[in-house]
Amino acid sequence: MEKAILVGCQLPNTDDSRFSYSMEELRSLADTAQFRTAAVLSQKREKIDGNAYLGKGKLEELKALIGELGADLVIFNDELSPVQVRNLSELLDAEILDRTQLILQIFAKRARSREGKLQVELARLEYMLPRLTGRGNELSRLGGGIGTRGPGETKLEADRRHIQKRIYETKRQLDAVIKHRERYRERRKKNGMFRVALVGYTNAGKSTIFNRLTDADALAEDRLFATLDPLTRKMALPSGYRVLLSDTVGFIEKLPTALIAAFRSTLEEALEADLLLHVVDGSNPDHEQQEKTVQKILAELGAGHIPQLTVYNKADRIDGPFFPSVSGDYLLISAFEPEDIRRLRKKMEEMAVREMERYQILLPFPEGKLYSRLKEETVLEHFSVMKDGECYQASGYILPGHPLKKEIERFSKIRA
């Protein structure tokens, strides 16, 4: 494993505990990317140095530390500007990575689907383009003659054109994949299924909950960004009502803008949902800040208005009393407790019913086949044979725009 030195800059608006947690998260990211943290270096400053991130004295300390430890790379806890990257590369005898590049590397390693790989590639290329470096001005003098250009300038421009061409091609391929996903999403809308999306901070336990609810085998690891590719499965609620559940990529503080943009189509699973299950690692001492980060990104995506159920996970790891940060609907669970998963299913059904209309019908015997559809496509509250033995009586809840609603209205005793 390559040796890495982690570097952070603490600004006045960040207290010691928040900064400490941010650096610990950077260590986790480095570990996920399979780098070994050899040392951590930090500096308190009024503002980040625009030229080299750190002050001169701290840079000298960092330079000495690289030589002493034989470090292969230096990872900075913020996104570096093109100027900072260029200057640091010249000053330090090690590879330079910032937080954004580190996250991009993790995403590149973990993306499995074609869409995921294309989205990561697009984000990587758009990050690289303004950061291309070269000694173009110096080398251009070697060109000399009229109408000629120096080899340095030519190389840099060629690299730019190459990346721009790849960005165009990647976007073209991604558009085709996105259109296919949109067609699939439209078909699901026409089917009138209630859609639930799991959202939350990375490593909160979304994939584990997804597996418990759907009996799927989605990758679930105690690592950051275990899930990158969206996964959707059908699941049954206690009444038998079937809904669609989607697992989405985890959020993180300082999530690169390029990644939010690149993964917008994936995160649209959350935008199209009728209910969001906001999974929070209740055992994390910084869970309140993580919740705020998720809410901020959801608001940026335009999903802030969607009903939410906050699921505080990892109750088995919580010592002492737990105080939720939200005033709305929430549950405290352990994804490994079957009873907790049953409670979650029940609460999901309660919240689904809030978005529905009530129906009550008398169903003639010849229409008995409708029963199985009522059980799967509505929340069937009651079903019985009438005393006269000539028809069924059924009541329950249905989504306002569901295709089955017209069938129900044919037999309505009391309309919703």
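In this predicted model, the bridge partner of I5 in strand β2 is A39, and the pairing of β1 with β2 is parallel, running over nine bridges. The protein chain holds 14 helices and 14 strands, where helices (H or I, at least four residues) and strands (E, at least two) are DSSP runs numbered from the N terminus. Of the 416 residues in the protein chain, 50% are buried; buried means under 20% relative accessible area, exposed means over 50%, and partly exposed lies in between, with a 1.4 Å probe and protein chains only.

Residues are numbered from 1 along each chain as its sequence is written. Because the model is predicted, local features need pLDDT of at least 70 and side-chain atom pairs count only at pLDDT 80 or more, while totals for chains, interfaces and linings use all residues, and side-chain values use heavy atoms, with hydrogens and water left out.

**The four-stranded sheet**

- Four strands form an open sheet in the order β2-β1-β3-β4, with parallel pairing; two strands pair if DSSP finds at least two bridges between them.
- At the edges of this sheet are β2 and β4 (95-98), each of which pairs on one side only, and the twist averages 25° from one strand to the next.
- Strand β1 is mostly covered, since seven of its nine residues are buried.
- Helix α1 packs on the sheet, where it touches β1, β2 and β3, and its direction makes about 155° with that of β1; axes are lines fitted to C-alpha atoms, for helices over the stretch in contact, and angles run from 0 to 180 degrees between N-to-C directions.
- Helix α2 (residues 56-69) also lies across β1, β2 and β3, and runs at about 165° to β2.

**Helix α1**

- The 17 residues of helix α1 (residues 16-32) should span 24 Å at 1.5 Å a residue, and the end C-alpha atoms are 24 Å apart, which agrees; the expected span is 1.5 Å times one less than the number of residues in the helix.
- The buried residues of α1 are R18, F19, Y21, S22, M23, E25, L26, L29, A30 and T32.
- These buried residues pack against β1 (2-10), β2 (35-44), β3 (73-76), α4 (99-110) and α11 (287-301), with contact meaning heavy atoms within 4.5 Å.
- Just after α1, Q34 takes a positive phi of about 65°.

**The six-stranded sheet**

- A further open sheet has six strands in the order β6-β7-β5-β8-β9-β10, and its pairing is mixed.
- Its edge strands, each pairing on one side only, are β6 (231-236) and β10 (330-332), and the twist averages 25° from one strand to the next.
- Within this sheet, strand β5 (residues 195-200) and strand β8 (residues 275-281) run parallel and are joined by five bridges, and the bridge partner of A197 in β8 is L276.
- Helix α11, against which buried residues of α1 pack, lies across β5, β8 and β9 (308-313) and runs at about 150° to β8.

**Helix α12 and its surroundings**

- The axes of helix α8 (residues 206-214) and helix α12 (residues 338-354) come within 11 Å and cross at roughly 80°.
- The two helices α8 and α12 are therefore roughly perpendicular to each other, on a scale in which angles under 35 degrees count as roughly parallel, over 145 as roughly antiparallel, 65 to 115 as roughly perpendicular and the rest as oblique.
- Helix α8 contributes I209, R212 and L213 to the contact, and helix α12 contributes I341, L344, R345 and M348.
- These contact residues divide into five nonpolar, no polar and two charged, where Ala, Val, Leu, Ile, Met, Phe, Trp, Tyr, Cys and Pro count as nonpolar, Asp, Glu, Lys and Arg as charged, and the others, Gly among them, as polar.
- K347 lies in helix α12 and is buried, with a relative accessible area of 16%; leaving aside its neighbours within four places in sequence, K347 is in contact with L309, D329, L331 and R354.
- K346 also lies in helix α12, but K346 is exposed, with a relative accessible area of 53%.
- The C-alpha atoms of K346 and L237 are separated by 6.9 Å, although the two residues are 109 residues apart along the chain.

**Contacts along the chain**

- Among contacts in the protein chain between residues at least 6 apart in sequence, those joining residues at least 24 apart make up 69%.
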